Amino acid sequence: MLRDLARKAATLFGTAQADPLDFYREVLQAVRTRRHELQTLSDIELRALRVHSLVDCTAVAAIAAERVLALRPFDVQLLGAIAMADGKIAEMQTGEGKTLAAVMPVCYYASQGLPVHVLTANDYLAKRDAEWMGPVYRFLGFRIGYITQGMTLEERRKAYACDITYATPNEIGFDYLRDNLALEPESVVQRGFHAVLIDEVDSILIDEARIPLVIAGGEAPPKELVTRLAVLARSLVRHRDYGVDEHGRNILLLDSGTAKIEAALGCRNLYDDPPLFTAVTDALHAHALLRRDVDYLVKDGAIQIVDEFKGRIADLRRWPAGLQTALEAKESLELRTQGRILGSITMQSLIRLYERKCGMTGTAETQASEFSQVYGLDVVSIPTHRPMIRADQPDLIFPSKTQRDEAVMDAIQLAHRAKRSVLVGTDSVASSEMLSAALARQGIPHRVLNARNDAEEAAIIADAGQPAAVTISTNIAGRGTDIQLGEGVAPAGGLYVIGMCRHEARRIDHQLRGRAGRQGDPGESRFFLSLEDDLMQRFGLAAVLSRSGNPAEAMNHIQRVIEGENLEVRKMLVKYDALIENQRRMLQGVRDTVLMGEQECPNPRAALLKIDELWSDYLAEVSEMKSGIHWISFGGRNPLHSFLQDASELFAEVERGMEDAIADPVTHGMPDNYQRGATWTFVTTDQPLGDMNQRLLQGLMRKFREIAAML
């Protein structure tokens, strides 16, 4: 049977127009037959089976789930499981039971002796899913563990020693970076990257793709200048002293502002001092572009960045050192240590470490091309268990935010009186709280879920389907937690999802819509938009929509264009990172031979510290090189080719330095106690300010004008 299926698979996947679901349905039939055959076995007999084939593993895991959890997988869950076991991304709608569907491919990978990592969106889900599905794994003889922030070295080592480990990608990535800096073998906790199943794969591989994980340590920044620049930034006038590029998220310092800063700082020409110019621009960026309660919160005396896609606090994420410090000064907070980068890896490079990978999400089809091109992962859309009957209404577009908000209030009141449950998606903490205040004035009970109380996310979302419940949430609401309708809600029309903005990516909008219509439930969704919305203003959509006879079609077209542009950015990032990642692996290979005593070295610890210093210095030089590489194109050279060539020459010096460090370790710039015991980690965005040379261009133009005036 399996041989026949394998032959058919080879034929199927060699056909361009073939639908993989046709093949998976045949595998499904084989699984159903095998499950029926094995159903009569006792628990002891079932555990005694040594199964390795996809059909047998899926059948046995399905039986185990039914016996220990009283959960019998639906055919669509089995289809999703088969697709993932085949190395695909299964697009399964909200409420279709992805958590259970993941168990079967995980068991399939683990049955082949491969340590399996299951990556989840947050710590809560890592712990919940490991504990929830744990009885199935243990029934089948697999060891199960999970990792969350704050665990000790020993707890992490034990979790990684299990056959199956649930964790967030950040925890996996940071442990990987720490292992790469280990000074003794006992400090290493991981044991390789073999197989991975990625939950909410679009969030991890698309939204987080450009955010490098960074491990750092070092000294605190100087306070006096940063604090003074924060005061100066507040004194400058927008449009007179500086301009703002909302689309590019950049600040353009104008001549008037430059003159004021030079007078205040007592410097002759600001552009003759690039570090000072950068510090000034950082202060202005923090003042004019980073919005409190939109881009960040001030919580527990610290800056907490709000994830633009999830609307939640992004744990351990910081902006680049200068901008982070400028923001702390803007809010009159303690300036915290930023440190030198000791190691870094992007999410794209981290996932590529795995030999086998698959994933699942409710929204992948719109990014199928990117998954295929960047990660080699194809998307398979799995049908729903019951027909989808949610009514997705056309967008309503209003001239102003005030008119839009009034219409939203009317819609909420109408649904509330009908005892329907309502979920409203907003784009920021500030807008969610403004709507909350308006509802309070009308006496409508409601709950708010945003970055201020995201620890309560699961509990709030779990009650969002109750009669007359009104829930306001920033962006995606409660991934991993289903909204189940309370008594009487379905006859009233089901959950009503209201979106108060469109996002750059269509799938973010689809995720919000997808909260309604679970498992064949009735439901409704509608977006209420304003021509004053950020997306409308940043991309000039108001003019496009006013000319279009079909606003919905125009909006979808624009979103597709934006998605395409973002894809090109991420593809280019892959090209730049590929060389650095190969170099990092090469360096790590040499470092590991020293760490494990496989290479003769008179002082291994000193050699390791020197290698780390060399790599840290190299990363700093490469970062500076990348920031200005685009200007090479003005000279007719290819920026990527030039970057690869220059970085290769730099790394050749690193290789020579490693050889010297191993042969004869000497005194180096990174002392043995260089905060390594207290090294902290953070995540930073990828060049939110653009490159420094772009910002310096205006300075060069000013100099040209000065020279011209003198001639």
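Arg 507 counts as buried, because its relative accessibility is 1%. Here buried means under 20% relative accessible area, exposed means over 50%, and partly exposed lies in between (1.4 Å probe, protein chains only). The areas come from the Shrake-Rupley method with a 1.4 Å probe, and for residues only the protein chains shown count as cover.

The model is a predicted one: local features need pLDDT of at least 70, side-chain atom pairs count only at pLDDT 80 or more, and totals for chains, interfaces and linings use all residues. Residues are numbered from 1 along each chain as its sequence is written, and side-chain values use heavy atoms, with hydrogens and water left out.

What does the side chain of Arg 507 meet in a salt bridge? The partner is Asp 202, at 3.0 Å from N to O. A salt bridge here is a side-chain nitrogen of Lys or Arg within 4 Å of a carboxyl oxygen of Asp or Glu. This pair links distant parts of the chain. Asp 202 sits in helix α10 (residues 201-207), Arg 507 sits in helix α20 (residues 506-513), and 305 residues separate them. Helices are DSSP runs of H or I with at least four residues, strands are runs of E with at least two, and both are numbered from the N terminus. Asp 202 is buried too, because its relative accessible area is 0%. Salt bridges with shared partners also build one network. Its members are Arg 390, Asp 392, Asp 395, Arg 502, Asp 509 and Arg 513.

How many salt bridges does the rule give? The count comes to 37. One of them joins the side chains of Asp 75 and Arg 32, 3.3 Å apart from N to O. Here again distant parts of the chain are linked. Asp 75 belongs to helix α5 (residues 75-85) and Arg 32 to helix α2 (residues 20-38), 43 residues apart. Asp 75 is partly exposed, because its relative accessible area is 29%. Arg 32 is partly exposed as well, at 39%. Another salt bridge brings together Arg 72 and Glu 66, with 2.9 Å from N to O. Arg 72 has a relative accessible area of 45%, so it is partly exposed. Glu 66 has 26% relative accessibility and also counts as partly exposed.

Now the cysteines. A disulfide is a covalent bond between the sulfur atoms of two cysteines. The rule used here asks for a pair of cysteine sulfur atoms within 2.5 Å. By this rule the model has 0 disulfides. Is Cys 358 buried or exposed? Cys 358 counts as buried, because its relative accessibility is 0%. Cys 267 counts as partly exposed, at 21%.

Glu 621, Glu 624, Glu 649 and Glu 653 form a negative patch. Helices α24 (604-628) and α25 (639-663) each give two or more residues to this patch. Patches are made of residues with over 30% relative accessible area and no salt bridge; like charges are joined within 9 Å, and nonpolar side chains (Val, Leu, Ile, Met, Phe, Trp, Tyr) within 5 Å. Lys and Arg count as positive, Asp and Glu as negative, while His and the chain ends are not counted. The place of a charge is NZ of Lys, CZ of Arg, CG of Asp or CD of Glu. Glu 653 lies in helix α25. Its relative accessible area is 48%, so Glu 653 is partly exposed.

Next, the backbone. Most residues other than glycine have a negative phi. Asp 300 is not a glycine, yet its phi is positive, at about 55°. Where is Asp 300 placed? Asp 300 is in the loop between β9 (296-299) and β10 (302-305). It counts as exposed, because its relative accessibility is 73%. Ala 468 also has a positive phi, near 65°. Ala 468 lies in the loop between α19 (457-462) and β18 (470-474). Ala 468 is buried, because its relative accessible area is 14%.

Last come two contacts across the sequence. Phe 371 lies in helix α16 (residues 368-375). At 0% relative accessibility, Phe 371 is counted as buried. Phe 371 and Ile 206 are 165 residues apart in sequence, with 8.5 Å between their C-alpha atoms. Leu 567 is part of helix α23 (residues 551-595). Leu 567 counts as buried, because its relative accessibility is 11%. Its C-alpha is 6.6 Å from that of Glu 370, although 197 residues separate Leu 567 and Glu 370 along the chain.
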